Amino acid sequence: MSRGAATYTRYELLRTLRSTRFFLFSLVFPLLLFYLIAGGNRHQRVQGIPLPLYFMTGMAAWGSMMAVVSTGARISGERQTGWNRQLRITPLSVSAYFRAKVLTGYLMALLSIALLYTAGLTLGVHLSPAKWLTMTALILVGLVPFNVLGILLGHLLSTDAIGPAMGGIVSLFALLGGVWGPLGDKGFLHDVSQSLPSYWLVQAGRSALGGDLWPGRGWLVVGLWTAVLFRLAARAYRRDTQRQM
Amino acid sequence: MGFTAGIELENLSKSYGPVQAVRGVDVSIAAGEIVALLGPNGAGKSTTIDMLLGLTRPDRGSVSVFGLEPAAAIDRGLVGAMLQSGALIRDLTVRELVTMMAALYPSPFTVDEVLTLAGCTPIADRRTQKLSGGQTQRVRFAVAAVSNPELLVLDEPTAAMDVEARHGFWVSMRAFAARGKTVLFATHYLEEADAYADRIVLMAAGRIVADGPATEIKARVGGRIIRATLPGVAPAELLALPGVTGAESRGEAVVLTCADSDAALRALLSAYPAARDLEVKGAGLEQAFLELTAPTTEVDGL
């Protein structure tokens, strides 16, 4: 990354840290809910996983999904105010623009994850360093499709619409992915759940526990969602810039 | 830097569906000139500017900025622009925003320099979402000028500014231009074009209808218009009347553009007693544009 793009990204980061939306949805709410759910049930197990670990990954998944999807809100805002046109008359390239956006989303997600891990430690979550790392790596991979989803929504929706849309969509992914607890061990809902990338975000905790990575199905689901969303996002981006041409 | 080639727009045309926004615009601007692009709303000023900046691809014609394609000129930091509508991104202070943008260019002004130039020093530590309309425009000017560009393009920069803010803004523009820079600004205020440009390019309905020194254009569109029914008289004859700067025929009627309509009217009536249905109109800009661009005048234009 050039020095210019690095400085640009630094201010993008600063701006995101200052936004109330990020603070509430990616940091405060997940943390509060984690303590509410796991605080009184720290010795129970969910699907054989200690409850604090399950909900630590669940809430980290939720907060970090919100963090990366929020990229869309910034893109939508920049489209609405004409800032994207202002950027097009600077030497900042399109790829550098998106790199800055994705990098910002990921750093915010890491902040959210780190906060939840710390909370997890206070409730007795205990893992070896290797397992912490495996779990984090899996979460970061599982966030890829949500990053792309944010970019897609940012090019489709107005600033007014995107807040509720992001909240709704992420909540749905969270619910069906088992963030609030598993949706049974078999049956239709379980199948739906397993086809969502959010399910595999939550399962990062279970994988870490067993020391295994995701099964093939996990990689396939995350890969397919990424590919499809990427195609849609690229189309939305082209349509959006061509309308101005 | 000393650029010999300036800005060349050649036969630029752009349509949006059935609407021909710009129809064959030719403009050549020398390095160091301050040019106003004057015209009513919908004249095609913004579309022309968007093509100049490479934001819109022309259907036909070419753009050259200091001998380069627009994108290449932009990559070298030679062009700065304040687009017509636009707000600032939020959650940063004015100084942070300007620093962020300065980082993108090869040889920008220092942040303090451009804040001073744009008159933003007193508001440097305010968050961008807490600025008034006039303050926002000043910051947008700072963002446009931060690259220390050779060409500065301003698309209706003073729209939504009060009189005082407007004055302050033009002082900043002048200070910038005094460094030997080229400035092109779009406006629909004749007074602004007259006061701050060396040259006015007058646009209406997608075409350039006049191009010349500010004083000349001002006489042409700032005067009055006499309309009369007067069959069988050639416009060339009427052009000889005192106070008349332009004459056209529209069927049986003639339309005279006048720098001095009183003198012209007296002379017209004594020389051509047959003239009837007389009408004298103050040529507000809109009116003047319409007169200059009504369909019957296209014969000589094409």
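Modeller: In this predicted model, 23 residues of chain B are in contact with 22 residues of chain A. On the chain B side, the elements that contribute two or more residues are helix 2 (70-75), strand 5 and helix 3 (94-102) of chain B. Helix 3 of chain B supplies the largest share, three residues. By type, the residues on this side of chain B divide into 15 nonpolar, four polar and four charged.

Strand 5 of chain B leads from the contact into a sheet. Six strands of chain B form this open sheet in the order 5-6-7-3-8-9, and the pairing is mixed. Strand 5 (79-82) and strand 9 (207-213) of chain B each have a single partner strand, so one side of each is left without a neighbour in the sheet. On average, and with direction ignored, neighbouring strands here are turned by 15° against each other. Helix 5 (residues 133-145) of chain B lies across strand 5 and strand 6 (151-155) of chain B, and its direction is at about 165° to strand 5 of chain B.

Further along the sheet order, strand 3 (residues 34-38) of chain B pairs with strand 7 (residues 182-187) of chain B in the parallel sense, over five bridges. Within that pairing, A36(B) has F185(B) in strand 7 of chain B as its bridge partner. Strand 3 of chain B also pairs in the parallel sense with strand 8 of chain B, over four bridges, and here L38(B) has L202(B) in strand 8 of chain B as its bridge partner.

Strand 8 (residues 199-204) of chain B is mostly covered, with five of its six residues buried. Six bridges join strand 8 of chain B to strand 9 of chain B, and these two run antiparallel. One bridge links I200(B) to G212(B), the latter in strand 9 of chain B. Strand 8 and strand 9 of chain B form a hairpin with two residues between them, and A205(B) in the turn has a positive phi of about 45°.

Chain B also contains a sheet of three strands, open, in the order 2-1-4, with antiparallel pairing. Strand 1 (residues 7-16) of chain B pairs with strand 4 of chain B in the antiparallel sense over five bridges, and E10(B) has S62(B) in strand 4 of chain B as its bridge partner. Helix 1 (residues 45-52) of chain B lies across strand 1, strand 2 and strand 4 of chain B, at about 120° to strand 1 of chain B.

Buried residues make up 45% of the 245 residues in chain A. Among contacts in chain A between residues at least 6 apart in sequence, 81% join residues at least 24 apart.

Note on methods. Residues are numbered from 1 along each chain as its sequence is written. Chains are lettered from A and ligands numbered from 1 in the order in which they are written. This is a predicted model: local features need pLDDT of at least 70, side-chain atom pairs count only at pLDDT 80 or more; totals for chains, interfaces and linings use all residues. Two strands pair if DSSP finds at least two bridges between them. Axes are lines fitted to C-alpha atoms, for helices over the stretch in contact, and angles run from 0 to 180 degrees between N-to-C directions. Two residues are in contact if their C-beta atoms, placed from the backbone, lie within 7 Å. A residue is buried if 20 or more other C-beta atoms lie within 10 Å of its own, exposed if 12 or fewer, and partly exposed in between; C-beta atoms are placed from the backbone. Ala, Val, Leu, Ile, Met, Phe, Trp, Tyr, Cys and Pro count as nonpolar, Asp, Glu, Lys and Arg as charged, and the others, Gly among them, as polar.
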